[in-house]
Structure formats: structure tokens, C-alpha cells
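Keep the viewer open as you read.

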Amino acid sequence: MIDIVIADLRNKAHAEATINLLNHYSRDAMGGGQDLPQFVQENLVGELLRRREAHVVLAYSGQTPVGLVILMEGFSTFACKPLLNIHDVVVFGDFRGQGIAQKLLLKSEEIAKSLGCCKLTLEVLEGNKAAQAAYRASGFDGYELDPQMGKALFWQKKLS
């Protein structure tokens, strides 16, 4: 039995689960292959607590945290409504393939609807076929306005 809960990051167990699961993801090849920097591990929970637009959802198998999604509110200028970005999705390795990601995504959709959001967004690596399959099964697809212009690309510029 998997329980999905909205995290209260003031709760030490929820805070620790968030860092441990995100660190698990960071160590995976899809997350960069190394531990989160110590600064992130020590400060992320406090920074998330400072942001009203941040939402964290945890999946538990009994008392064991096995999944995580971190959501960030944004704003769609074209719809003039909020949107919810699914920033991180993590399922602990031994629990993958059991539909936990779909449950986390369903809870994310419930949160987005309760906030009046026009859509959910996310990014996924080209090589992460398992995640792509989970996202497609939950109704996600690539973003495009006009097929002749192609799908949107996600770019970044790191700042020091």
C-alpha cells in the first residue's frame, strides 16, 4: 500500500525524506550521478519553506518514504493563469515500476486544480525513456504551439 501525502517540511521526518529522496535522485545517472552539494542538503528545506509557491509531495510504503515530487508555481502569460511546474520526480530504485510516479503525478494534478492552474509542466531528459513513459501514461506530451515550428526546447544559462 502506497500513501501519498502533502509534505509539511516543518516535520523533521518529511524534511529528511525530501533531502534523502532528492539525494537518491541526484546520485542516479538521470540526476547527474553525484550527491547533492552539502550546501543544498543543509539549506534546501529552509529555502523551500520560504517559498509559498513551492509544494512537496511524498509517497510512503508503510513508514518508508519511497517517492517525492517537488512542484513550483509559475504563471502562464498566454492563459493569464498560474501553472504548476513539476520540478523533481523521484521514486526510490527498489520501488520503481509500481505506479508510484503516476500517483505522485495525480496528486500534483489535484494540487494544480486546487490552485486554479491552467496546466502542469515538466522537463525530462531525452534518454530517460522510463520517465517519459510514465509521463505519457499520465497524459503529458511535448509542448508545441504550431507543428510547423516544432516542439519547445528547454535551455538554460547558469549564473555564477
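In this predicted model, five strands form an open sheet in the order E1-E2-E3-E4-E5, and the pairing is mixed. Strands E1 (2-6) and E5 (120-122) sit at the edges with a single partner strand each, so one side of each has no neighbour in the sheet. From one strand to the next, the twist averages 30°.

Now for a look at one pair. E3 (residues 64-76) and E4 (residues 81-91) run antiparallel to each other, joined over 10 bridges. Leucine 68 has valine 90 of E4 standing opposite.

| Helix | Residues | Strands touched | Angle between directions |
|---|---|---|---|
| H1 | 12-27 | E1, E2, E3, E4 | about 85° with E3 |
| H3 | 100-114 | E1, E2, E3, E4, E5 | about 160° with E4 |

On to the insides. The largest nonpolar core has 22 residues, and the ones touching the most other members are Val69, Leu71, Leu84, Ile86, Ile100 and Leu104.

What does valine 69 touch, leaving out residues up to four places away in sequence? Its contacts are His55, Val56, Val57, Ile86, Asp88, Val89, Leu104 and Ser108.

There's also a second, separate core of 18 residues, with Ala15, Ala17, Val45 and Ile70 among them.

Notes: Residues are numbered from 1 along each chain as its sequence is written. This is a predicted model: local features need pLDDT of at least 70, side-chain atom pairs count only at pLDDT 80 or more; totals for chains, interfaces and linings use all residues. Side-chain values use heavy atoms; hydrogens and water are left out. Two strands pair if DSSP finds at least two bridges between them. Helices (H or I, at least four residues) and strands (E, at least two) are DSSP runs, numbered from the N terminus. Axes are lines fitted to C-alpha atoms, for helices over the stretch in contact, and angles run from 0 to 180 degrees between N-to-C directions. Contact means heavy atoms within 4.5 Å. A nonpolar core is a set of buried Ala, Val, Leu, Ile, Met, Phe, Trp, Tyr and Cys residues joined through side-chain atoms within 4.5 Å. Buried means under 20% relative accessible area, exposed over 50%, partly exposed in between (1.4 Å probe, protein chains only).
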